[in-house]
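Thanks for coming. I will go through one model, starting with the overall fold and ending with the contact between chains.

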Amino acid sequence: MTQMTYTNALPGAQRDVVLAARNVSKFYEDAGNAEGRILVLDDITLELRAGEFVALLGPSGSGKSTLLRILAGLIAPSSGQVTLHEQPLQGVNPAVAIVFQTFALYPWLTVLENVEFGLLAKGVPAPTRHARAVRTIDLVGLDGFESAYPRELSGGMKQRVGLARALVVEPEALFLDEPFSALDVLVAENLRHEIGDLWRERKLSTRAMLMVTHNIDEAVSMADRLIVFGANPGRIRADLRGLPLAQRRDKGGAHAELVDTIYRIMTNPQEDVAALLPGVSARAPGPATSQDAYQSLPHVNIGELTGFVERLRELGDREDLYELARDLQLDADDLLPLAEAANLLGFADIEAGDVTLTATGRRFGEADILSKKEIFRQQATGGVRLLRDIERRLRAAPEHRVAEDDVIASLERAFSPPESRRQLDTAIDWGRYAELFAYDDDAGVFFIEEDAPAVAE
Amino acid sequence: MSQIHTPVTLADRGEAQAAVRARPAYAWWADALAMAAFVAAAAGIVIAASHWTAPLTPATSISLSPSALPLYAGLSTLRMALAYLLALLFSLVYARLATVSRRAERAMIPVLDILQSIPILSFLPGVVLALVALFPHSNIGVELAAILLIFTSQAWNMTFSFHQSLVTIPRELQEAAAIYRLNPWQRFTRLELPFGMLPLIWNSMMSWAGGWFFLMAAEQFTLGPRSFQLPGLGSYLQTAANAGNGGALALGLFTLIAVIILLDQLLWRPLLAWADHFKVEQTGAAQPRSSAVLRTLRRSRALAWLTERVFDPVGEWLDHQSVRALTLRPAQPQSHAVERLTARRLALGVAGLALLALIGWGVVAGGALLAQVSPQDWASVVIATLATLARTTLALLIAVAWTVPVGVAIGLNPRLARAAQPLAQLAASIPATALFPVLLLVLIGLPGGLNIAAIALMLLGTQWYVLFNVIAGAMAIPSDLLEAAQIYHLSGWNRWRRLILPAIFPSLVTGMITATGGAWNASIIAEYVSFDNQTFSTVGLGAVIAQAAYHNEFALLLAATLAMALTVVAINRLVWRRLYRLAEQRFRLE
């Protein structure tokens, strides 16, 4: 898949490259797949330069966490290479420390021991180790908690320990793997600011930062460079310059515009990025890849989808995606699947970062329980190929029973085995709601109930 | 028993908090106690060593006088402790090696499964003859044989548990260890061992229970014309039973129970309380366990001094050495690395070939041995297998029949649970084999005789696993489910069928798996008994194995052992694993 990566990032040749991925691909062997393997990352080239804070954004399944682990040397790339100061990297990257999403603190070690942990392998003598750990604990504001165990701390405090453990080794590059997503909104905001301050005021010996995040707002407020990934397979779609420092915090016009742009890129996965930039009006959605291929179903349940459509109806049928995310207090990663599902079912159109209810969507939003099901059934059989396919097989099958294995086999031509299972689970959820079929979980069999209403043709 | 969770009372909590407040205050009597314990342990080891190095005395005459009991209890405990240390070392190393590579795991875990299903007495002739031949002139050979026999009843469940822990370490904890470049030693001491600590301690307690169960078989055995007896509690009980001395039997039993309770209070409870901070759940909600002994130890100044001056520096030194040896190796040029890799491959290949050759030799030798087994013997092995299968099944059914209603009643009634659980735990801690002579005295005269006694012994040894799991399962039923049943007037059979049985199903299956394993192992002791200078036996695989071991009939022993291992593994695969999967998928309470 060759696709041009749009970039407006500053040419950085004048600054030295700390860490780089050169033509890195990652795939997993899979005999069930037609090609014998599943591509997770497709030919990624990315440079992390001194003084840079880079954010990786993208839908789940776009391989951004995998790329972070490849750069850290925790996973080996299938092809291509990672270089550290232009030297090929082997094994775990000695220049990198990671702050983990789930903190990854050792519950049986105290705060102090957890922070000293980073220095253990370096053979630093105990007194020095102790002194450095205490200093770093002070730096992240954990003074007084040295002898506490992680279970005694709140989430925000735990992540401070994770940060201290990373900083104490004075890494050349600090990786943040969705560091705030397990935290409460206010705590996350607070910690974001503090990390931003430490970084900007050059209190750290760290020369470069790399952050994986779902939160577009967060990325825009923090990063010098924003890299937007696309999924299936994971690839870089855009490499955008961040805002000037002064505009990052105030969330003014420039901030909102950049967030909007990224939303637009992420909600139009098929579109050429250059066409989605501000000032350029987006074209109608491109032709679908192939008529008989299954669409990728977004994994949302009916309750969420219904709530989404109803809320949009209340907001006047049309809303900016970024505003909607704020209104519903959702990350991009949670909101986008909802918008995609609404689009797939013909309830909403997505254009230029806005989502607009269609006539059907408006009807669906107002209908009562039973009419909602009726509308949903019509839209689902009309628009969702997987559901239509299962229903067709059921009608053709003797006794109207179909084993899920057959359906999974077809799905695996397009998706990885775990993703196929998730696709099927979503289809089961939707199909049950639409009363298209019933499903026996023990046997893994689809069937049509005797008293089921006639299936819409 | 690893599923058991004893509720901690409010009083315990108060104590725990008091302990926290009182921690800095040292106590002289804590020091005195620690010193006394140290001196006692050292003295015990010296006494035992003097016995071991004494000239070989195959059949010590066991004194039935009460004054001999403390020594016997000490010797038995020491034997158990050594066997346990061996089992611990084995499980740590074996489980760690099994996780080195996918290929190693695929070979090593099934081997463990088979080892687990081989009954203790099948190891007996090989182990004893080899070790006695190795040390012909001192007691060490026989002692080591006894220790190895106890080891075979302790090692497997611990190994399984530690392996299970190793493969379930969360990915991010592993990645943190990798990114901060911990070497294998640091990774083991900082991550792997702490992560597996709690299950390891629970399984250690189970292993000790298993060890006590087989103590009598391990301290006294006959091989053809030679019989061996070691001074200890097991042989004391056996001798008392043979002599029909009821008083000595009672005294021996009492001593055994006292030792078990002491160990529980002095070792396991403190250990569990100490291991509380290895819990992985990051919530602070769970109530801390507490132990008076641990609190005392923590207040000991001598121990604090030892920790600061000896343990910590030694740990630091080990760490430092591991860093020098493993982490800071100078980076080698690529060609060297390749050479090292090939050398390693070569070594692995040679080791693999050697292993294959060994296995091949074993198969050939075993096949030759099996060829000697007469068709009649094969027939008797098959009949015996069926008989023992019937017996274990019956024992299991009886156990389930009484433990399910009782366990559910206890589990659903907190007040009853508080009263009944310590009692049940005490009852469970008494090794059934020690009660067996008493049981025999009563049952041997009845019609059915040993047949019924054998089932009773299996029941005594295994019903507790089921009971404790049922209690734990019933306690874990969410109260909103119970309230819902109440609101909708679900009662009687419907309440059992719709709520209680599905809810306790996973725990019940876990308990039954452990119980069947135990029942098969117990058959060896239960179906063939020397008692009062007579030998009683009934038709069964355990009897065949015991008989063959005592009479050095290696061919028959091998055939019967294979039959038992095959049956146990087959039942595990065909019945239990499926039920377990069903329980995991359908009846899990989230």
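What percentage of the 457 residues in chain A do buried residues make up? The share is 44%. A residue is called buried if 20 or more other C-beta atoms lie within 10 Å of its own, exposed if 12 or fewer, and partly exposed in between, with C-beta atoms placed from the backbone.

Before going on, the conventions. This is a predicted model, in which local features need pLDDT of at least 70, side-chain atom pairs count only at pLDDT 80 or more, and totals for chains, interfaces and linings use all residues. Residues are numbered from 1 along each chain as its sequence is written, while chains are lettered from A and ligands numbered from 1 in the order in which they are written.

On confidence: pLDDT is the predictor's confidence in each residue, from 0 to 100. Chain A averages 84, and 90% of its residues score at least 70. Over residues 280-291 of chain A the pLDDT is below 50, and this stretch has twelve contacts in the model beyond near neighbours in sequence. Two residues are in contact if their C-beta atoms, placed from the backbone, lie within 7 Å.

Now the fold. Chain A has 16 helices and 17 strands; these are DSSP runs, numbered from the N terminus, with helices being H or I of at least four residues and strands E of at least two. The radius of gyration of chain A is 24 Å, close to the 23 Å that the globule rule gives for 457 residues, so chain A is as compact as a globular protein of that length. That radius is taken over C-alpha atoms, and the rule is 2.2 Å times the number of residues to the power 0.38. Along the principal axes, the C-alpha atoms of chain A fill a box of roughly 75 × 50 × 45 Å. Of the contacts in chain A between residues at least 6 apart in sequence, 69% join residues at least 24 apart.

Helix 9 of chain A has 13 residues and reaches 18 Å from its first C-alpha to its last, close to the 18 Å expected at 1.5 Å a residue. The expected span is 1.5 Å times one less than the number of residues. Which residues of helix 9 of chain A are buried? They are A:Leu305, A:Phe308, A:Val309 and A:Leu312. These cover an arc of only 90° around the axis, which puts them on the same side of helix 9 of chain A; the arc is that of the directions from the helix axis to the C-beta atoms. On the other side, A:Gly303, A:Gly307 and A:Glu314 are exposed. The buried residues pack against strand 12, helix 11, strand 13, strand 14 and helix 12 of chain A.

After helix 9 of chain A comes A:Gly316, with a positive phi near 95°. A:Asp317, in the loop between helix 9 and strand 12 of chain A, has a phi near 70°, a positive value in a residue other than glycine. A:Asp317 is partly exposed, with 17 other C-beta atoms within 10 Å. A:Glu178 also has a positive phi, near 45°, and lies in the loop between strand 8 and helix 5 of chain A. A:Glu178 is buried, with 21 other C-beta atoms within 10 Å. For context, most residues other than glycine have a negative phi.

Helix 14 of chain A, residues 385-396, has twelve residues and reaches 16 Å, close to the 16 Å expected. Its buried residues are A:Leu386, A:Leu387, A:Ile390, A:Glu391 and A:Leu394. Seen down the axis of helix 14 of chain A, they fall within an arc of 130°, so they line one face of the helix. The face turned away from that buried side carries the exposed residues A:Arg395 and A:Ala396. The buried residues of helix 14 of chain A pack against elements including helix 13 and helix 16 of chain A.

In helix 13 of chain A sits A:Lys373. A:Lys373 touches A:Tyr433, A:Ala434 and A:Glu435, not counting residues up to four places away in sequence.

Last, the second chain. 28 residues of chain B are in contact with 23 residues of chain A. Helix 8, helix 9 and helix 14 of chain B are the elements that give two or more residues to this side. The residues on the chain B side divide into twelve nonpolar, eight polar and eight charged. Here Ala, Val, Leu, Ile, Met, Phe, Trp, Tyr, Cys and Pro count as nonpolar, Asp, Glu, Lys and Arg as charged, and the others, Gly among them, as polar.
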